[in-house]
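I opened this one to see how the chain is put together. Notes follow in the sequence I took them.

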Amino acid sequence: QVEAIEAAGRGEPYVVTTGTGSGKSLTYIVPIVDHVLCRSSGRGIQAIVIYPMNALANSQFDELEKYLQRGYPEGQQPVTYARYTGQESSEERDRIIANPPDILLTNYVMLELLLTRRHEQRLIGAARELRFLVLDELHTYRGRQGADVAMLIRRCRQAFSGDRMLCV
């Protein structure tokens, strides 16, 4: 964890491989939260975390709630986050588009759709200076799906002015 967090601090991409429940998520959550706190919240989407399954996005959403929402007065959380996976209601999606979070949790299919759907371009604009593009469970993308995700990363670099975008 320390090596990964230090690599993020230097602006270097990194890959973490270790067993389930060993704290991989902290290797990207800590640098993301640090970045948002140093830069300040509400400046657009600063991190997009991609999960291969909505169940993982839901689980991580619940974890973020523990650390970034509980104990803070309503509307005064230091870092904002939202899940945008296709399971949200149209009202929730509209709310996210109108007020983009610091951290966006999604899946690779939805991110691909976000890049192409006209009515969601405000989210793409909010991520113009994206700092972190995280691919959780990277090893699950193989074959054609792996090639699709590789192309998605390239499109993200273009769409989000990826000069400073750090892939994790």
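Before anything else, the element labels: helices (H or I, at least four residues) and strands (E, at least two) are DSSP runs, numbered from the N terminus. I went to the loop between H2 and E1, where Ser40 sits. Ser40 is not a glycine, yet its phi is positive, about 95°. I checked its cover as well: Ser40 comes out partly exposed at 34% relative accessibility. For the cut-offs, buried is under 20% relative accessible area, exposed is over 50%, and partly exposed is in between (1.4 Å probe, protein chains only).

**Ground rules.** I am looking at a predicted model, where local features need pLDDT of at least 70, side-chain atom pairs count only at pLDDT 80 or more, and totals for chains, interfaces and linings use all residues. Residues are numbered from 1 along each chain as its sequence is written, and side-chain values use heavy atoms, with hydrogens and water left out.

**Whole chain.** I count seven helices and five strands in the protein chain. Reading from the N terminus, I get α-α-β-α-β-α-β-α-α-β-α-β. The C-alpha trace spans about 35 × 35 × 30 Å along its principal axes. For 168 residues a compact globule would have a radius of gyration near 15 Å, and the chain agrees with 15 Å. That radius is taken over C-alpha atoms, and the globule rule is 2.2 Å times the number of residues to the power 0.38. I find 43% of the 168 residues buried. Of the contacts (heavy atoms within 4.5 Å) between residues at least 6 apart in sequence, 64% join residues at least 24 apart. The accessible surface is about 9100 Å², with 49% of it belonging to carbon and sulfur atoms; the areas come from the Shrake-Rupley method with a 1.4 Å probe, and for residues only the protein chains shown count as cover.

**The sheet.** In what order do the five strands lie in the open sheet? I read E2-E3-E1-E4-E5, with parallel pairing. E2 (81-83) and E5 are at the edges with a single partner strand each, so one side of each has no neighbour in the sheet. Pairing here takes at least two bridges found by DSSP between two strands.

**Strand E1.** Five of its five residues are buried, so the rest of the structure largely encloses the strand. Ala47, Val49 and Tyr51 point one way, Ile48 and Ile50 the other. Five bridges tie E1 to E3 (residues 103-107), running parallel, and in E3 I find Leu104 opposite Ile48. Toward E4 there are four bridges, again parallel. On that side Val49 has Val134 as its bridge partner, and Ile50 has Leu135.

Glu137 is in the loop between E4 and H7. Its phi is near 60°, another positive value in a residue other than glycine. I have Glu137 as partly exposed, at 25% relative accessibility.

**Helix H7.** Which residues of H7 are buried? I get Gly146, Val149, Leu152, Cys156 and Ala159. Down the axis of H7 these buried residues fall within an arc of 140°, so they line one face of the helix; the arc is that of the directions from the helix axis to the C-beta atoms. The general rule I noted beside it: an α-helix has 3.6 residues a turn, so residues three or four places apart point the same way. The buried residues of H7 pack against H5 (108-116), H6 (121-126) and E4 (132-135). On the other side, Gly143, Arg144, Arg154 and Gln158 are exposed.

Arg157 and Cys167 are 10 residues apart in sequence and 9.8 Å apart, C-alpha to C-alpha. After H7 comes Ser161, with a positive phi near 45°.

**Helix H1.** In H1 (residues 2-9) I find Ala4, Ala7 and Ala8 buried. Their arc about the H1 axis is within 100°, so these residues line one face. H2 (26-39), E4 and E5 (166-167) are included in what covers them. Val2, Glu3 and Gly9 are exposed on the face turned away. Just after H1, Gly11 has a positive phi of about 80°.
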